[in-house]
4 protein chains.
Amino acid sequence: MVVVMKAGATPRQIEGVVAAIREFGFSAHVSEGLERTVIGVVGSASGRDEVMQAMLALDAVDRVVPVGAPYKLASRVHQSARTRVQIGPNCVFGGETFAVIAGPCSVEDEEQIVRTAVAVREAGATALRGGAYKPRTSPYSFQGLQAEGLRMLAAAREASGLPVVTELLDPRHIEIVDAYADMFQIGARNMQNFELLKEVGRSHKPVLLKRGMSATIDEWLMAAEYVLSEGNAQVVLCERGIRTYEPGTRFTLDLSAVALAQQLTHLPVIVDPSQAAGRANLVAPLARAACALGADGLIVEVHPDPPHARSDAQQQLRFDQFSEMMQDVARIAAIAQRQPT
Amino acid sequence: MVVVMKAGATPRQIEGVVAAIREFGFSAHVSEGLERTVIGVVGSASGRDEVMQAMLALDAVDRVVPVGAPYKLASRVHQSARTRVQIGPNCVFGGETFAVIAGPCSVEDEEQIVRTAVAVREAGATALRGGAYKPRTSPYSFQGLQAEGLRMLAAAREASGLPVVTELLDPRHIEIVDAYADMFQIGARNMQNFELLKEVGRSHKPVLLKRGMSATIDEWLMAAEYVLSEGNAQVVLCERGIRTYEPGTRFTLDLSAVALAQQLTHLPVIVDPSQAAGRANLVAPLARAACALGADGLIVEVHPDPPHARSDAQQQLRFDQFSEMMQDVARIAAIAQRQPT
Amino acid sequence: MVVVMKAGATPRQIEGVVAAIREFGFSAHVSEGLERTVIGVVGSASGRDEVMQAMLALDAVDRVVPVGAPYKLASRVHQSARTRVQIGPNCVFGGETFAVIAGPCSVEDEEQIVRTAVAVREAGATALRGGAYKPRTSPYSFQGLQAEGLRMLAAAREASGLPVVTELLDPRHIEIVDAYADMFQIGARNMQNFELLKEVGRSHKPVLLKRGMSATIDEWLMAAEYVLSEGNAQVVLCERGIRTYEPGTRFTLDLSAVALAQQLTHLPVIVDPSQAAGRANLVAPLARAACALGADGLIVEVHPDPPHARSDAQQQLRFDQFSEMMQDVARIAAIAQRQPT
Amino acid sequence: MVVVMKAGATPRQIEGVVAAIREFGFSAHVSEGLERTVIGVVGSASGRDEVMQAMLALDAVDRVVPVGAPYKLASRVHQSARTRVQIGPNCVFGGETFAVIAGPCSVEDEEQIVRTAVAVREAGATALRGGAYKPRTSPYSFQGLQAEGLRMLAAAREASGLPVVTELLDPRHIEIVDAYADMFQIGARNMQNFELLKEVGRSHKPVLLKRGMSATIDEWLMAAEYVLSEGNAQVVLCERGIRTYEPGTRFTLDLSAVALAQQLTHLPVIVDPSQAAGRANLVAPLARAACALGADGLIVEVHPDPPHARSDAQQQLRFDQFSEMMQDVARIAAIAQRQPT
């Protein structure tokens, strides 16, 4: 990192900073500019945060600028080859194909989830989503069918052949969700639920890690680092819209972050246009855009009868809408040198 | 709620919306404007979210506008008298006094926490803070002393007489934290960890609920509603800065939200200037501002030797800085018709 | 619009609101809910803002919700057929083709702009961009060649056959810019420079109106309304990234807003990936995404030698990079039922 | 500035960067870390932006970190003594007193502005505000009385003795506004209207420079630099709320930025709570907070009859509300070692 001194820092203050750097086991390279002195700090990455904060606590220090990325295992500097994550027979993230996870916001009953699974598979999806444990803004909203929902997802997997992706909300549910799911989803609201990240890090199951609604790319990759550092290398990142001042859409889909994350990390990065837009009629354009950009896949909400859905009715696609969207996506994927399986 | 139809919606589409509203057990009042039809929806608040989303899933509907607040128990409409929350003998939130919780970001060792507790009490603080379980952006940063830290907090309470406020991160820790703390803190990153909210809602201990870093005021009050709806009425809200585009400060302290929340809810609202600013030299001005605004109290980070702190070194006050800040706050509190105990 | 009364508003207060509504020449439809009264306000759109603000100044009013859009001429309700804007022989916005404006950030000398014009035409661009008057954050940065730059742009048009798009900063420059440009560009920083909007509204030349960096979609369309209401119907909108908390990119490209704006207005909407990303290596992925989404075109920064550019060196493409990008865009445009001319 | 190379940059690439730095007339100090090389760039500040952008255009460069502030004349490094700006006999910004500018959003007629001027002076205000040229989001909203409004402001100055602060929107109006105003106000939407900034920079009249609604502190100080660099040293900064995701208030008042700006610049910094909150009932708490924080003054909207105001009715105070607010502010100013004149 680089420590920028305040203009007018005295030699004594500079010496104090150098001494503090050495106290942490790092070495210091002082370089004087016309107006300010800058001190390069060289040493092992562990303890990096502590040194940065300690420097900032010193009066004569103006700013501290990190030089490398704060994450290691998630970085392309650490691993240049792209990670491939496979769930089920036909769903690969980070390979040559374009993976599409589809299904309802919530599992509502067995018929609903089974019909949807079969329909999305017919349209070209390679994995099934469906919420059994639901994080809801209001305590009075439908909270999901929970364990019963998980059993229905298993029935839908049986009927469709699609692997199941479902959300894990609470470390106390990990055993039961692990028994039914092929991939753990960590939702945006839990991206910095570090105890939960450590738990899925200790499992051997792929993890779909959604970006928090106000997380920076660095924080998102640090959340992945929590999972990787516990020994689980099977992480897929998912951009799902960030919070901005614009009220016209539920969130603002940040496709630049997808392209940039793919440069910074070897992990696959997919896109959730349904959560981002919060409006069914924006899902297809955003899905096409994500595919043309070069994202590794999509997760899309599909429901047999959206106006009667028990959650997020406004953003789920009907089967025919999803099918039409998939045809466009397939043609774009072909150009983007991807095949939608 | 009010359903706004698209311009050009046909009578048949309007009838369809009315039928859908009745299907949910609500009644519909149609009113035609020059360009658009608007439909008032009247009925019980439960099922409100579901109706809203179902309406949005209909093609001819442009927007749905909620009329009342989404929260009930937290609302001043429900309870006009302000809630008072007391912890320990001298610390009251929502009364005539201005409550100040102070202490280090993390508990580091017994001497550190005991010295700090005594020092902040001398300066006028009425409760002690200190993190035992720490949510850290990086898995490589200090994660807190955990159970051992809790025991040290108890020793500091013994030495100082101050009640203890400490963070609960994981529902599996609730028993042990309950055994040592006088108030549970729910951090910004867990404001929508709904399973955790339900757990503290079932306890009988006061809860300090921080605003999520990108939570709206409505979402913050809905998080409080989770706790209240489980039966625990002892909730204190805390504004701690929101995420904006401005890079000069760690977060942007939203004092307007404090004043507005005090109009919307009967729960006390305090301010955390340390987390918001992320710089020790902004803490005192923001603390004075919060007091003059009419906030119900503060939570401030104080450390015996900030440059050697194991976390957030840059934003913790030294004892002398805290003491000076408290003198200014006391004089402003006197004008604001509050007494700092 | 709909006026939502506070819970507990008295009959007298409700009557006061009704009287105030009538005073403005609107009629009022009162509808009582279980907890709150809602009043529909019906009447002509002019005076709408004044009524809204007056209602908000009354004590018993909780909120006022607009029902229709604030813009008229820009709305698809007003005109359902999409507007086509043509500049030069081959550049149409809003038709079946995908329009691409390309060129350097700033005009630097005649050779630079002529070479670039020829090169981008070869690669498939249909219009030339180049800044003569430059809005720069710092007074010490290069401010553009001004009138001389305009003459060089004309030389480049002569050499390449491409029409010229260039920024107008100041109403006092309108005559000279009008003499050289085929399309006025109004930059993001001037989106709410209403005097400037009125000026270009009185001209007969097409206008490229960039979205302000923190403008909502409604505000952007209201800025277009300023131009339209003065009599100039030739407006093309351009999304160029909004300001968010994410530091990894210069701005956050908001493609959802492009898709949504195309539903709300009949005006063409194009995308500027260069300004948004602020990094050359993100321009091509974002350009592909914009095309697949269904945008009406692009504006892209291209320079013969980016590291020696006098402004925005980091985000300009080399000729070979632009050419490669255009090949991908052409293939996607073909699928998106667009032809890049 | 400091250039951070990508991990894995080759010696040849590093040499290339060093050569490019020298080409600009700067010198380069190379320092190798464990993983990355960092290059310090030393030299005169002019050309700084160009070097930064050129570095970013080089493939092997990861990031460029500025070391000093981008502004010079506005910086406390350049001038440590605080600037005092005086308008009229009793209104000083940046001195020991707390300055309060008050008056209506818009000048509506002579009686309105004269009555208001007298009333706010009685309550303790030391300057009068009132918009004659109004920047309005909608072309259909009241655009101000313009030249006639200026004459009414002069009449109000005559009647009250208060100096007049009014907005300048267009460089073509500078002569007439100069003839009537005691201080030019540059509004938030024009903070980066650089041609306008240069014009007021060339005048000899004090300037009130509002922060743009999404401007960083650095950009705000750079806008001040435009005025200062043209020779006008009489600049007062004004924070008026920034755009965030929170819908509960019109803007989010950023008091942290006020405290931070006062550390970075010698120019006075005042606060506009009316524009920020957009609700009359939040103005007084925010005004108290701004005063306790240590701001140099306020600008507040006051109207004889807010529900009948022609603009911003919802956020203007009545005379009695303003008077009550001023009493609280005076008591806090006394503690904050300021006297409200």
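The dialogue below walks through a predicted model, one feature at a time.

User: What should I know about the numbering and the kind of model before I start?

Analyst: Residues are numbered from 1 along each chain as its sequence is written, while chains are lettered from A and ligands numbered from 1 in the order in which they are written. The model is predicted, and local features need pLDDT of at least 70, side-chain atom pairs count only at pLDDT 80 or more, and totals for chains, interfaces and linings use all residues.

User: How many helices and strands does chain A have?

Analyst: Helices (H or I, at least four residues) and strands (E, at least two) are DSSP runs, numbered from the N terminus. In chain A the secondary structure comes to 11 helices and 14 strands, and the C-alpha trace spans about 75 × 45 × 40 Å along its principal axes.

User: Into which domains is chain A divided?

Analyst: Domain bounds come from an automatic or database domain assignment. For chain A the assignment gives domain 1 (2-65) and domain 2 (85-335), and the centres of these two domains, taken over C-alpha atoms, are separated by 43 Å.

User: What share of chain A counts as buried?

Analyst: A residue is buried if 20 or more other C-beta atoms lie within 10 Å of its own, exposed if 12 or fewer, and partly exposed in between, with the C-beta atoms placed from the backbone. By that rule 61% of the 341 residues of chain A count as buried.

User: Is Met191(C) buried or exposed?

Analyst: Met191(C) counts as buried, because it has 25 C-beta neighbours inside 10 Å, and its place is in the loop between strand E10 (183-186) and helix H6 (194-202) of chain C. Met191(C) and Arg211(C) are 20 residues apart in sequence, yet their C-alpha atoms are 6.4 Å apart in space.

User: Which chain A residues touch chain C, and how many are there?

Analyst: On this interface, 32 residues of chain A are in contact with 32 residues of chain C. Helices H8 (255-264), H9 (273-277), H10 (280-293) and H11 (319-335) of chain A each supply at least two residues of that side, and H10(A) gives the most, with 8 residues. The side of chain A that touches chain C then divides into 20 nonpolar, 8 polar and 4 charged residues.

User: What length should helix H10 of chain C have, and what follows it?

Analyst: The expected span of a helix is 1.5 Å times one less than its number of residues. For the 14 residues of H10 (residues 280-293) of chain C that should be 20 Å, and the end C-alpha atoms are 21 Å apart, which agrees. H10(C) is mostly covered, with 13 of its 14 residues buried, and it is followed by Gly294(C), whose phi is positive, near 115°.

User: Where does chain D meet chain C, and how many residues take part?

Analyst: That contact takes 42 residues from chain D and 42 residues from chain C. Helices H2 (48-56), H6 (194-202) and H7 (217-229) of chain D each supply at least two residues of the side of chain D that touches chain C, and that side divides into 18 nonpolar, 12 polar and 12 charged residues.

Notes:
Two residues are in contact if their C-beta atoms, placed from the backbone, lie within 7 Å. Ala, Val, Leu, Ile, Met, Phe, Trp, Tyr, Cys and Pro count as nonpolar, Asp, Glu, Lys and Arg as charged, and the others, Gly among them, as polar.
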